[in-house]
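Hi,

Here is the structure I promised to pass on.

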Amino acid sequence: MSEARRSALSRRALVWAPLGLAAAGGLGFWAMLRGMRDGSYDPRGVPSALIGKAAPALSLPAVEGTGLPGFGPDALAAPGGPVLVNFWASWCVPCVVEHPQLVALQRRGVRILGINYKDKPADAAKFLTRYGNPFAALVADADGRAGIEYGLYGVPETYLLDGGGIVRWRWAGPMTPDTVSAELDVLLRRHA
Amino acid sequence: MRALLFAMVVVPSLALAVGRPSEMLPDPAQEARAQEIGRELRCMVCQNQSIEDSEADLARDLRRLVRERVASGESSDAVREYVHARYGDFVLLRPPFNWVTAPLWALPVIVLAGGALALVVMRRRSAGRVVPAPLSEAERAWLARLEEEP
């Protein structure tokens with residue numbers, strides 16, 4: 001290859017390299033947007049720091065007026081089988097979206113412990129009367145401290161604990177039927 | 001235009017100042033320490049603000065928690081570690097160095113080294129190109145003829 005041809009080639013490469021880079025960047029951005037739309041990519045999805053660790057112990061009061069029992073630290077330390085811990089509130093709209101999934105899980109025999117986050121007991125009771133009760137037991141996290149113990153950053157948020165009280169999975173935001181069938185069912189079977 | 005700017009700049013900063021004094025610790029040294037800790041903790045709801053700058057509920061709860069722990073005499077590292085253990089690396093605005101964050105920290109070094117390498121290679125190539133080949137017999141004769149011409 002002659003000198004002149006080589007320099008012409010590298011000059012052409014100089015023109016195309018930025019264009020190629022921009023094209024690759026655009027493609028990546030497009031893939032990201034597509035993933036965000038169909039839910040396979042969540043830029044805010046931060047993995048929980050608790051995965052693989054013992055669930056934080058909580059001693060919280062039951063929610064008055066719901067007629068549901070509360071639960072103590074033992075229920076989280078050694079549940080004896082897989083158990084879901086669900087943070088929710090009556091003021092939280094996505095919780096309404098998620099609720100049918102919780103009710104369906106409870107009907108299938110999944111044990112769900114509820115933590116009523118920064119809510120009024122009367123509102124919580126009204127919510128459960130209206131949408132049905134999926135919880136085996138329910139406690140009130142009136143000031144949000146239990147939420148902080150779990151690294152919560154919004155409601156609803158759901159944690160799966162195995163029989164030994166180890167956190168195996170966390171879902172931030174409302175669980176959809178897809179979430180249940182694609183992720184939770186597999187884990188429930190594995191930790192049964 | 002000026003009114004709009006005023007609304008955009010001054011009003012939010014006023015809103016930010018509301019509700020602060022009631023949260024502050026009475027001891028200025030402790031309050032300063034709490035603020036220093038809080039400025040390095042990310043608000044998980046807004047994600048690009050520290051808990052000191054954010055008005056999200058969760059940020060307020062964390063501010064309160066930091067202040068309680070500072071007031072009880074806990075060291076700054078212990079308070080940071082308490083939040084870090086629950087929210088993971090992401091909560092620290094200055095990420096720690098570990099295997100997961102190593103690529104993040106190494107990236108500037110890698111980019112610099114790559115640039116330096118590219119520079120060296122380009123230098124070497126162009127240096128090789130400017131060394132002229134010695135003149136051939138015919139060229140020398142032709143030059144001599146040009147010089148002889150009037």
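Predicted model: local features only at pLDDT ≥ 70, side-chain atom pairs only at ≥ 80, totals over all residues.

**What I found**

Residues are numbered from 1 along each chain as its sequence is written, while chains are lettered from A and ligands numbered from 1 in the order in which they are written.

Chain A has six helices and five strands, taken as DSSP runs numbered from the N terminus (H or I, at least four residues, for helices; E, at least two, for strands). In sequence order the pattern is α-α-β-α-β-α-β-α-β-β-α. The C-alpha trace of chain A spans about 90 × 30 × 30 Å along its principal axes.

The strand to look at is E4(A), residues 157-161, with five of its five residues buried. Both of its faces are covered: Glu157(A), Tyr159(A) and Leu161(A) lie on one side, Thr158(A) and Leu160(A) on the other. E4(A) pairs with E1(A), residues 83-88, in the antiparallel sense over five bridges (pairing takes at least two DSSP bridges between two strands). E4(A) also pairs with E5(A), residues 167-172, again antiparallel and over five bridges. Follow Leu160(A) across: its bridge partners are Leu84(A) and, in E5(A), Trp169(A). Five residues separate the strands in the hairpin of E4(A) and E5(A), where Gly165(A) takes a positive phi near 80°.

Next, the core. The largest nonpolar core has 60 residues, and Val85(A), Tyr159(A), Leu161(A), Leu62(B) and Val66(B) touch the most other members. Such a core is a set of buried Ala, Val, Leu, Ile, Met, Phe, Trp, Tyr and Cys residues joined through C-beta atoms within 7 Å.

Finally, the two chains meet: 13 residues of chain B are in contact with twelve residues of chain A, contact being C-beta atoms, placed from the backbone, within 7 Å. Helices H4(B) (57-71) and H5(B) (76-87) are the elements that give two or more residues to that side of chain B, and H4(B) has the largest share, four residues.

Cheers

Methods:
Buried ≥ 20, exposed ≤ 12 C-beta atoms within 10 Å, placed from the backbone.
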